Amino acid sequence: MPERLTEMLMDTWTPLIILWITLLPSIYMAPMNQSQILPSGSSAELKRLTEEQRVLNRSKRGWVWNQMFVLEEFSGPEPILVGRLHTDLDPGSSKIKYILSGDGAGTIFVINDKTGDIHAMKRLDREEKAEYTLTAQAVDRDTNKPLEPPSEFIIKVQDINDNAPEFVDGPYHATVPEMSVVGTFVTKVTATDADDPVYGNSAKLVYSILEGQPYFSIEPHTAIIKTALPNMDREAKEEYFVVIQAKDMGGHMGGLSGTTTVTITLTDVNDNPPKFAQSLYHFSVMEDVALGEPIGRVKANDLDIGENAKSSYDIIEGDGMDVFEVTTDVQTQDGIIRVRKPLDFETKKSYTLKVEAANVHIDPRFLSGGPFKDTATVKIVVEDADEPPVFSSPTYLLEVHENAAINSVLGQVTAHDPDVSSSPIRFSIDRHTDLERQFNINAEDGKITLATPLDRETNMWHNITIVATETRNHSQVSRVPVAIKVLDVNDNAPEFASEHEAFLCENGKPGQIIQIVSAIDKDDPKNGHYFLYSLLPEMVNNPNFTIKKNEDNTLSILAKHSGFSRQKQEVYLLPIIISDSGNPPMSSTSTLTIRVCGCSSDGIVQSCNAEAYVLPIGLSMGALIAILACIILLLVIVVLFVTLRRHKNEPLIIKDDEDVRENIIRYDDEGGGEEDTEAFDIATLQNPDGINGFLPRKDIKPDLQFMPR
């Protein structure tokens, strides 16, 4: 109890004692009079020298004072005395007047012009303004003449501990890894104090933890927060709420304090292995499940979060390691078991697998805690399903000669029902693949037969689809592709590759090659084509031409002699027999047209027409056309000249003695209609010139005169 009373008294009287000590320099700061040092001699002389010195020399300042201080936040009933100005020139006769000017003069600070006392009239705050610069001067009260030059001094506002520390950046949030060792840095906080950091301990801060122990600690002077407890587990508690206090006055009694909060979150580390929720899983799957289809999920839980909770799954043992696979769902971290190979209930009805889950990211610091993996057993039961028929082969290849007979068997496909019931199978052809219905199939045994003749040269391959259907369940259908290759038979004779027309120069030489011809055969023998060329038997001794077989399976046509003439014979026809090497051999006769032409000296064909032979030698076709054009032009000029002469000889002026009157005939008779044929003579209308002796006009010449037929 006495210790508690003593502590209360200290808390009450300590600020007052500090205030009193602070005020002492201002209240009892007496003016320091400076004595004048005068020279030795009579008093009259001294008095005279003093008067001369006052008149001739600049008067020295008669007072000296240091900086003045005033305590902030002082609020008494009377204005506080800051200090007193006094000069030794003041004999005490009240003839000196003190004047104050500068910061706050007259408002904040007021001087007694008689005594020189300076009072603070308002409550001051050092945090708003720490010092004031003022100017003091002593003048004669009657004349207002300066007795001393102006003197500048400073009034400083003395600090008191009136501001508590503040955490400007609070509240704080920090993180630290879980399982950290003691002393691991967490964060640093900072508080500020508006009081004077130079004077006293008003701004000297000390930090402490009010809440958050024993998990964290703080350095008293640096405010660094560290872990104070080892092996803090995030999975047990993730977030901590810490209260930090900053106290001024060095943390002693009477100091002001401020607080802030720090929310500290433990971040995750991989300190927990994955663990399966159950040690045994059971799944069932139909045997006709599609490849890649999921059949079940397994789950290994991990208390960690984020990257530390990621696990990978794998099948490490079991009789279905090649039949099943397990993958990881990146969203849920589940292990998805999928079918890797087709299942067959009739072959194997169940599988047993051992699945392992292991962390992807392992922290070496915690390996001593055990392996970061776990295993579980998975049992999979295969259930029977009604399966479609299964062909004995995934594809079939059949061969048939193009001359095969109708209804001949090309091959056979087989299929069976894999189910235990073993339903009978019926076969058919998908007619979308056999639009021309060239093939048939036996529905019972699957034998494929020929329905129409085949031609390899038209279509060498036929691709059809065979359909197998269960008789007990028509929805169970299987399909298989069948490729039918048509084999070649020598049924096409060779012929010229193109229509050839050879040209023979009149000035050609004996043995000269006129043309090289080639042959083609639509058949495709295994050893390739080999053609035989020959002339017709009746033309074996042809006097004009002969043939020669080349090594590249072509034929050269040669001239036997020279001196061919277009006048004698313009065109020659040479029949050639072409035979292949097939069994039996096929042959055909093709005729080569050979045309005799006129050629230049270097063998270039110029003209192949017989009429061109009579043209003058040395005239080109262009020159001949020009000559003909000139002849036609001359004929036109002659015709025009004759026509103009004829027109010039004819009279152009009518003679005066000729009758130029118009021939007008007037009729007053009225016709009797269509049946009246006697009222008038139609011949008179047709030829009025013959009536009354009138003659035709002679003054003009008719343009055309037609002869009666």
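**View 1. Arg-234 and its salt-bridge partner Glu-235 in the predicted model.** Arg-234 counts as buried at 8% relative accessibility, where buried means under 20% relative accessible area, exposed over 50%, and partly exposed in between (1.4 Å probe, protein chains only). Glu-235, with a relative accessible area of 24%, is partly exposed. The closest N and O atoms of the Glu-235 and Arg-234 salt bridge are 2.9 Å apart; a salt bridge is a side-chain nitrogen of Lys or Arg within 4 Å of a carboxyl oxygen of Asp or Glu. The whole structure contains 20 salt bridges.

The model is predicted: local features need pLDDT of at least 70, side-chain atom pairs count only at pLDDT 80 or more, and totals for chains, interfaces and linings use all residues. Residues are numbered from 1 along each chain as its sequence is written, and side-chain values use heavy atoms, with hydrogens and water left out.

**View 2. The salt bridge between Asp-117 and Arg-84.** The two side chains meet at 2.3 Å, N to O. This pair links distant parts of the chain, 33 residues apart: Asp-117 lies in strand 7 (residues 117-120) and Arg-84 in strand 4 (residues 80-84). Strands (E, at least two residues) are DSSP runs, numbered from the N terminus. Asp-117 is buried at 11% relative accessibility, whereas Arg-84 is partly exposed at 41%.

**View 3. Strand 14 (residues 224-227) and its partners.** Ile-225 and Thr-227 form the covered face of strand 14, and Ile-224 and Lys-226 the uncovered one. Strand 11 (residues 185-188) pairs with strand 14 in the antiparallel sense over three bridges, pairing being assigned if DSSP finds at least two bridges between two strands. Lys-188 stands opposite Ile-224. Strand 13 (residues 216-218) is likewise antiparallel to strand 14, over three bridges, with Ser-217 as the bridge partner of Lys-226. Five residues separate strands 13 and 14 in a hairpin, and Ala-223 in the turn has a positive phi of about 60°. Lys-226 also forms a salt bridge with Glu-219, with the closest N and O atoms 3.9 Å apart.

**View 4. The open four-stranded sheet 17-19-22-21.** The pairing in this sheet is antiparallel. Strand 17 (275-276) and strand 21 (324-328) stand at the edges with a single partner strand each, so one side of each has no neighbour in the sheet. Two bridges pair strand 17 with strand 19 (residues 294-301), and Phe-276 has Ala-300 as its bridge partner.
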